[in-house]
Amino acid sequence: MVVIGAAGIGHKMLVGRTSELKLLGRALADASAGSAAAVVVLGEPGIGKTRLLAEFCERAAADGFEVLGGRGTELESEVPFGVIVDALNERFASLVSEMIADVGQDRVAELAAVLPCLRGYGRQLGARLEVERFEFYRAVCGTFDRLVLRRPLVLALDDVHWADPASVELISFMLRRLVPGMILALAYRPGQTPGQLLDALTHVAADGQLCELKLSPLSIGEAAEALELPPDSSVVQKLHADSGGNPFYLEQLARMVTAGPPSGLSADVDVANKDVRIPITLRTTISQELTRLAGATLWVVRAGAVAGDPFDVDLVTAIAEADEAQVLKSLDELVRVDLVRPAATPGQFRFRHPIVRRVVYDDDSTAGWRIAAHNRAARALARRGGSVEERAHHVEYSAHPGDEEAAATLAEAAHIVAPHAPAAAVRWLQAALRLLPATRGGQQRLLLQVLLARALANIGNLRESRAKLEEVLEILPTGSVSDRVPIIRMIAHADHALGHAEETRHLIDATLDRVPADSADAIALKLELAQNQWMRGHWEQAVSTANWADVQATGIADSTLMVEAKSALAMFANDQGDFARAKELVDWVAHYVDASATIEIPEQLEGLSNLVFAEIYLGLLPAALRHAERGLKASRATGQNHVFGLILFSAAIAKMLLGRLSEARRDAEAAVEVALLLDNDPLRIWAESVRCWVETMSGNLPTALTAGRAAVRNPHPYYGWFAHACYGQALIEAGRYEQGRQELLSIVRPGPSGIPPGVSAIFLSPLVIAELAVGRIEAADALTRRLEDDAQDLPLSSGAWHLRAGHARYARACVYAARGDFQAAAAYSDKARESFDAVDARLWAARARLDAGRALARIHDAPAAIRELELAHTALRDIGATRLADNANKELRTLGKRIKRWPTTGQPADTLALTAREREVADRVVQGYTNREIAKELFISPKTVEKHLARVFAKLDTNSRSGIAAAMIRQQHGRT
């Protein structure tokens with residue numbers, strides 16, 4: 001952990017920052033009241049970001065905040081989670097026993113995979129995919145949730161522009177899930193900000209939780225005040241001109257005033273290093289400081305620049321090849337002249353400023369020495385048991401081409417960090433490939449190329465991943481067509497994710513010409529072609545191609561290809577409304593899967609993914625969930641990230657319909673994370689759509705609408721219909737009927753961008769509701785007849801019939817209710833409930849029961865209405881459908897029947913001394929609503945929400961939103 005501080009005239013450089021300090025003070029006050037916020041300090045090198053961040057941290061500590069701090073370092077910007085380990089390692093080490101008790105051994109094990117202080121704690125983790133690194137991110141946020149229960153927290157991260165990609169990914173995750181009672185404070189250079197971080201900050205800004213401070217140069221008056229000289233002083237005029245008003249440059253140049261300024265002062269920029277543009281004047285000034293050092297001390301500071309920032313005494317001693325007593329003496333001198341400063345951890349030191357380290361490291365006269373120094377650092381770390389990841393950084397900087405041992409070390413490090421930091425794996429695999437001798441290691445080079453392509457895909461760089469796979473094809477012997485087919489299929493997956501379906505078709509066709517027509521390779525390529533045709537909207541061709549592959553696979557008795565072909569055909573048949581054919585194929589694949597001890601082949605996993613979707617739309621929900629859960633385990637075992645994402649959101653749909661909404665929400669959120677980490681647009685469209693659907697059914701409409709907007713933002717020729725269907729449903733549920741109606745009407749048409757006929761029933765019933773809401777009863781009746789016709793030809797009692805009959809009956813009940821025939825509406829609602837119960841669709845069944853109760857109330861059959869509404873309320877409460885459960889409760893109140901509000905607590909509302917309105921606000925805080933979302937939901941102003949929250953904080957004796965959640969959870973479990 002770093003304690004950010006300043007020394008010398010640096011404190012005076014805060015002059016002119018009054019407005020910025022006021023904004024930071026306001027952020028602290030808001031966090032103390034339980035809000036979450038991100039603070040961003042922007043500016044060029046030396047402008048005062050670190051000093052302002054230091055002042056902010058000091059004020060936070062004085063106000064009772066816990067303060068954690070870390071800093072990115074330029075020369076170690078590839079070391080995985082460098083800035084995060086710097087910030088959290090020491091603090092989390094002190095929390096081990098509490099963390100195991102609070103968050104469980106699995107969460108601690110996730111943290112231990114990255115944080116050295118926790119290694120050896122927690123139970124052994126099972127297999128993890130690279131895209132499941134978000135579980136580590138969740139574990140970090142979960143620990144922050146626990147910390148803020150004691151006191152508010154500031155996590156300050158400096159020089160984020162130098163943060164490694166893994167740290168940037170985690171920071172972005174934290175920004176999207178800011179913890180109430182915590183401030184995430186970042187300082188970085190705007191021109192070097194990673195795009196992923198900017199996207200996350202845009203999300204925070206849209207939620208009104210971002211405090212952004214852009215620092216500008218000091219005026220000549222402010223510079224004079226900092227230097228304690230009059231503004232018209234020639235020294236002030238000169239230093240201000242040479243520094244350009246940059247506080248750090250001004251401070252460094254002021255150091256040299258008494259010694260006489262270096263000759264030929266110039267503001268020209270030294271562009272020798274592309275990342276750090278240091279004025280020549282400043283570089284010369286720092287170099288003069290170095291020339292005054294004794295020889296032994298100079299080598300120690302150079303060794304420190306190689307070792308890292310911070311650096312420890314033992315490693316510097318090994319790099320400098322010096323006596324430890326001499327190193328300690330030299331460090332005393334370096335501290336005295338303020339080139340380095342003691343770090344928070346005993347035995348460690350930091351450079352005065354990253355630019356100082358850069359100047360020391362860049363000394364051209366030590367270029368050869370630096371290579372040997374990194375080599376000594378790697379060997380020293382190996383001797384003291386340092387991890388291969390720690391050594392990899394120095395190995396990369398010291399190895400020579402042809403060094404196979406170094407290449408093996410880098411490849412091993414890449415393999416270890418890939419699950420949590422695939423970007424670091426990419427860098428080290430690239431370095432290993434550069435080191436391999438050009439004339440040897442062909443098989444090893446081939447393996448590293450495939451691993452590199454996979455790692456590139458896992459960080460979302462699909463284009464470069466595809467390019468590497470093309471290089472693999474060039475390396476493979478020309479006559480080895482069978483070896484090329486798996487690589488071509490990997491390329492096809494990348495192309496489909498990139499939307500390059502036409503390009504893939506040409507590659508598949510060209511390869512098909514080179515393989516025997518009845519071979520397993522031809523069948524595999526035909527199946528890829530069928531998927532390609534389906535995505536391009538050539539549905540009849542896709543069915544014909546997949547059917548040919550099925551016949552050929554059966555002919556050669558290749559069970560793996562049979563599973564893939566039949567599951568693809570099942571999906572195609574289901575989408576086209578041929579449910580009898582789809583059921584026949586699903587039965588065969590399900591029997592094979594259930595009889596198989598293991599599923600290890602990627603192609604079988606693709607088949608399992610198709611099976612799950614087909615089972616969902618055939619109304620075989622328990623079977624779909626069982627196969628989805630098996631698929632997730634198999635994906636981990638085989639490392640299939642892409643298939644994992646597909647199965648994950650199919651599991652979310654199955655759980656939602658089965659009434660397991662909290663689990664469905666977690667899976668939907670995880671699916672979004674997978675899509676974001678893979679930077680895969682089709683996956684993200686599906687994942688955001690599923691999240692929208694789950695949150696709509698849960699009653700969390702603000703989140704549902706946000707996810708829906710994200711899903712429809714990037715139109716896709718095939719996947720787009722699902723996004724519009726889910727978003728339209730959310731809009732209708734939110735009362736925006738006309739907008740939702742237009743979304744659904746946009747996909748009720750034939751063609752590749754329209755909703756497939758086989759799944760239209762599920763999404764047409766919300767359109768019926770929208771048509772009725774805008775007074776188009778005849779249009780709603782026509783849609784209902786269409787739903788009834790779709791169910792008419794299906795075998796009675798089949799899952800497909802029950803699913804579609806349920807939606808048709810539900811729509812018919814709505815039409816009857818709109819026409820005032822509540823007797824018929826109640827009867828049809830009950831029939832819809834029976835149909836949904838038959839396929840275990842608990843969510844839709846409970847909703848139908850709610851409508852039956854409403855209709856019975858309208859015909860004044862109060863006993864029957866109360867019975868149905870109480871059953872609906874209980875079911876919806878247990879499922880987690882908060883909005884629908886509230887609707888049932890309101891209906892019961894109109895009938896004179898009061899039911900306890902089902903607080904997250906399960907206790908009477910007055911146990912915590914909250915009023916009904918305060919309880920409504922507190923319930924939504926627990927669900928993660930922002931103040932703005934609560935205001936919109938309850939039809940009150942944000943200011944009113946703040947007033948209610950202030951009273952809730954006082955009554956519950958807490959100062960954070962997490963404290964509200966903790967108090968209510970304690971009440972739920974009967975604890976005080």
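Five strands make up an open sheet, arranged in the order S2-S3-S4-S1-S5 and paired in the parallel sense, where strands (E, at least two residues) and helices (H or I, at least four) are DSSP runs numbered from the N terminus, and two strands pair if DSSP finds at least two bridges between them. The model is predicted, so that local features need pLDDT of at least 70 and side-chain atom pairs count only at pLDDT 80 or more, while totals for chains, interfaces and linings use all residues. Residues are numbered from 1 along each chain as its sequence is written, and side-chain values use heavy atoms, with hydrogens and water left out.

**The sheet and its helix**

- The edge strands, each of which pairs on one side only, are S2 (66–71) and S5 (210–214).
- From one strand to the next, the twist averages 15°, with axes taken as lines fitted to C-alpha atoms (for helices over the stretch in contact) and angles running from 0 to 180 degrees between N-to-C directions.
- Strand S2 pairs with strand S3 (residues 153–158) in the parallel sense over six bridges, and Asp158 in S3 is the bridge partner of Arg71.
- Helix H5 (residues 134–147) packs on the sheet and touches S2, S3 and strand S4 (182–188), its direction making about 135° with that of S3; contact here means heavy atoms within 4.5 Å.

**The H24 and H25 pair**

- Helix H24 (residues 520–535) and helix H25 (residues 539–555) have axes that come within 8 Å and cross at roughly 160°.
- That angle makes H24 roughly antiparallel to H25, a term for angles over 145 degrees, whereas those under 35 count as roughly parallel, 65 to 115 as roughly perpendicular and the rest as oblique.
- The residues of H24 that meet H25 include Ala522, Ile523, Lys526 and Trp534, and among those they meet in H25 are Trp539, Gln541, Trp548 and Ala553.

**Helix H11**

- Helix H11 (residues 280–291) has 12 residues and reaches 16 Å from its first C-alpha to its last, close to the 16 Å expected at 1.5 Å a residue, the expected span being 1.5 Å times one less than the number of residues.
- Its buried residues are Thr281, Leu282, Arg283, Thr285, Ile286, Glu289 and Leu290, where buried means under 20% relative accessible area, exposed over 50% and partly exposed in between (1.4 Å probe, protein chains only).

**Arg376**

- Arg376 lies in helix H16 (residues 367–383) and is buried, with a relative accessible area of 10%.
- Not counting residues up to four places away in sequence, Arg376 touches Ala318, Ile319, Glu321 and Trp369.
- The C-alpha atoms of Arg376 and Ala318 are separated by 6.8 Å, although these residues are 58 residues apart along the chain.
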